Amino acid sequence: MQASARVTAVLGPTNTGKTHYAIERMLGHRTGVIGLPLRLLAREVYDRIVAKRGPSCVALVTGEERIVPDRTQYWVCTVEAMPQEIGADFIAIDEIQLCADAERGHVFTERLLRARGLQETLFLGADTMRPVIAALVPNVQFMARPRLSELSYAGSKKISRMPERSAIVGFSVENVYAIAELIRRTKGGCAVVMGALSPRTRNAQVDLYQNGDVDYLVATDAIGMGLNLDIRHVAFSSTAKFDGRRMRALYPQELAQIAGRAGRHMTPGSFGVTGEARPLSDETVEAIEEHRFLPVRKLSWRNEILSFGTIERLIASLEQQTDNEWLSRARDADDITALKTLGAIPEIRDHVRSPQDVRLLWDVCRVPDFRGLSSTDHAALLVQIFEFLRKGQVPADWLATQIARIDRSEGDIDTLSKRLAFIRTWTYVAQRKNWVADESHWRDETRAVEDRLSDALHARLTQRFVDRRTSVLLRRLKQKESLVAEVNDKGEVTVEGEFVGKLEGFRFRQDASASSDEARTLRAAAVQALKPEFHLRSDRFYNAPDTELDFTEQGGLMWGSAAIGKLIAGVDPLRPQVEAFVDEDAGPDVAEKVRRRLQHFIDRKIATHFEPLLAMSRDEALTGLARGFAFRLVEGLGLLPRESIAEEVKSLDQDARGQLRKHGVRFGQYTIFQPLLLKPAPTRLRLVLWSLANGLQEFPESPPPGLVTIPNIAEVPKNHYTLAGYRPAGQRAIRIDMLERLADLLRAKDSRAGFEATADMLSITGMTLEQFADLMGGLGYKAEPGERAKVKAEEAAAPAAPEASVDAAVDAAASESVEAPETTAETTPEAAAAADAAPVEAAPEMEAFYTFTWAPRQRGGENRGPRRDRSAGAAPAGERAPKEAKPRGEGRPPRSDGGKGDGNKGGRPQGKGGKPQGKGGAPRPQKFEARPPKPEKKIDPDSPFAALAALKGKV
């Protein structure tokens, strides 16, 4: 160093611009070197100098990164990686107070004692270093740098009430992650900065904070080392940390170094505590605010003049003591511990025979334990590397295998952090000269893997600790900017590109995945953004055609797939009211417009589907009994069981009936109805209107269209079937109009002597014979099963035998059966052989049939009197019998006109009434299931009754 070279100690608290001053001084020289305490800070300073002078003259050298252009003028390095004896005009050492650090202090002390620039040397740090620098550095000059902004104590604050642009400091990875998760839930997210992060990950996280994407930073004490961030408040979640050997309280100067990150440039800053940290004492607060601390009395020192003769001599030189009162020998670092471990291995000692071998072993032992697994694992890795280097270089295929194991970007935060720590080992190895064959290739390869892992780690950190949606919306709301909302065809609402929920009709459904803390922000943003959307949507809805609207079987009102409102009971069943589903935030104007449109819709639906009924109610020509009967029909919504109004029907004369028939009223044997109202749409609406008028909580559902019969479920009220257009009979319920068609066929049959079901009857009901028999039982008929020989087509076409011949045959069969001679035991062999050779006639194929007779049950459970036999000359249905015809018996079912040509007075009594299955008692759509046939009666074929039964079947 030239005698005229100047050595200056620039001392002062944080936020005094010391680093900026050193950069400007270095750039004023032709060459220069600046040593920084962290790889992260080295990268930041490197980027700043490159921005001013370009990359061709600036080098970056750290333990894991080496960028050295051919024409390097300025070197930006970590203190450990500073090049020695390059003759730079300028040298600066930042954070010189780290000379007192127990782990790395000896490196800073060595630079303080020996590193000098040819023209200028700067030591940057805290004012506590003034006495020791004055004692150890001859001719040093001191420059005081006052703090640019005020720093004050703000006491304790909850994390949920932390002000914006705050940094919360933790001293363990677990603590940092826990705080970051809490801030994500309450504040929308935060950036995470730790010393273990790669520069690429750290820069990406810092950008999140600096760009305003998040307003909070959670960090370790790494932010205390020169990272210049826009922080207004620093909160300590703890005031103690583990220093590698024990838990201890932070010294006031350590607290001040971190707290000083608050208030950059001229902006005031504050510091305090949060969480479980105790409030700082008054003495500590005063010391931090006034920047007054006890001066450093001892520096960590290790002998740097090493002897490489043997392993023992090297260890002895490293453990050499000093007699300088300002220096104290540093405790054994990881490199000395590794040297002692490897030096105790016999195989290693056998291979270390020269000073060159000792120097190589020392270089290997200085590989940092980035992985942090255990001292044994680290020693085993160092032994492997030493064995490779003793024989030449680290094999390329072995190194490629190690790197390939790490080069995977899947996994969680902890997994990626471990892989980053592992790749730093191979990055360090690739930076050492002559340790690998192709240094440039492996430097690029390890750097590429580190970049991929860094990007993946940044993505995982952001995904876990940043709710971009909440943070973006909070920032927009805070800036009072108008928010832009978009609603896609699925109803998904995005505000400023962030999903916030779904718009179902005119009700906003907030994203269910949002926490309770996020919900308030999402709601506020959505309300502000959706106000214009509500008005636009209400206009579209008001002008939408009725085909886009519908009602549900439970009284809901739909617009497409969105629920818009519901029906509520009105003063009249045919005049229901509507209730619109509209958020209060949409405003009363939107709610009223939606309500009016829904009311118009349901009014038109009722006018369309119940047009015959409404026309009849408005017909002023109806008077007297006809008008009263029309009123009853309107009350029944177009359907009335005949037995419930038997007297009213009986009292109607032909003129009154004619007036009602003009409106489509049909007087059926079982039901009085308007056939147009049995269609599926009116039926569906009728069930809803009746359920509303009767205050049901769950409405019966209408059966699917086209079914003639549906199951009859006992738990369902009978009037639900009537409203659905069905009448229970047996195990099934039959549609009303089809039942009347069946009744027309039944009236033409002889119900007293009995009759069989015809093909038309089975076709109308769509039933099998056994099911039809059950249905007839429900209608008041008795079904007698029978069995007979099946008549083939050609036999059926032949003329029937005379009745006398049949009777004679039956009598002959019975006589033959009674008078048959006994078989003797003395049968000749010839007769037996002839009997065996005679052909055996095959048994006839049998078929089942039913005979139906009218057998209504009286109230006491007994059947009524027998019906008269109806001859072929009886009057057809609906006409009066001729005068010579015999009067009807009491057991004959009454005519559907009540003796006036229109059918039955009160309808036939019902069998066991079943009830349809469905919600609230509505007939539920079910597939038809045939009833199992009844067991056939066994008849002995040798019995004379077999021939009798066969002959009766032919008759």
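**Entry 1: I133**

I started at I133 and found the residue in helix α4, which covers residues 130–136. This is a predicted model, and I read every value with that in mind. Is I133 buried or exposed? I133 has a relative accessible area of 0%, and the cut-off for buried is under 20%, so I133 is buried.

Next I looked up which residues I133 is in contact with, leaving aside neighbours within four places in sequence. I noted A9, L11, I96, L112, V140 and F142. I then took A9 from that list and checked its distance from I133. The two C-alpha atoms are 7.9 Å apart in space, while I133 and A9 are 124 residues apart in sequence.

**Entry 2: the whole chain**

I went from one residue to the protein chain. The chain has 955 residues, and 47% of them count as buried. I listed its elements as 32 helices and 34 strands.

**Entry 3: helices α14 and α15**

I picked a pair of helices, α14 (residues 396–406) and α15 (residues 413–431). Their axes come within 9 Å and cross at roughly 160 degrees. How do α14 and α15 run, roughly parallel or roughly antiparallel? An angle over 145 degrees counts as roughly antiparallel, so α14 and α15 are roughly antiparallel to each other. I recorded the crossing of α14 past α15 as left-handed.

Which residues meet here? From α14 I wrote down W398, L399, Q402, I403 and I406, and from α15 R419, F422, I423 and W426. Sorted by class, this contact has 7 nonpolar residues, 1 polar and 1 charged.

**Entry 4: T853**

I turned to strand β34, residues 846–854, where T853 lies. T853 has a relative accessibility of 19%, and buried means under 20%, so T853 counts as buried. Not counting residues up to four places away in sequence, T853 touches S751, R752, A753 and G754, and also G780, Y781 and K782.

**Entry 5: cysteines**

How many disulfides does the structure hold? I found 0. A disulfide is a covalent bond between the sulfur atoms of two cysteines. I looked at two of the cysteines for their accessibility. C77 is buried, because its relative accessible area is 0%. C99 also counts as buried, at 0% relative accessibility.

Definitions and conventions: Residues are numbered from 1 along each chain as its sequence is written. This is a predicted model: local features need pLDDT of at least 70, side-chain atom pairs count only at pLDDT 80 or more; totals for chains, interfaces and linings use all residues. Side-chain values use heavy atoms; hydrogens and water are left out. A disulfide is a pair of cysteine sulfur atoms within 2.5 Å. Buried means under 20% relative accessible area, exposed over 50%, partly exposed in between (1.4 Å probe, protein chains only). Axes are lines fitted to C-alpha atoms, for helices over the stretch in contact, and angles run from 0 to 180 degrees between N-to-C directions. Helices (H or I, at least four residues) and strands (E, at least two) are DSSP runs, numbered from the N terminus. Angles under 35 degrees count as roughly parallel, over 145 as roughly antiparallel, 65 to 115 as roughly perpendicular and the rest as oblique. A crossing is left-handed if the near helix is turned anticlockwise from the far one by less than a right angle, and right-handed if clockwise. Contact means heavy atoms within 4.5 Å. Ala, Val, Leu, Ile, Met, Phe, Trp, Tyr, Cys and Pro count as nonpolar, Asp, Glu, Lys and Arg as charged, and the others, Gly among them, as polar.
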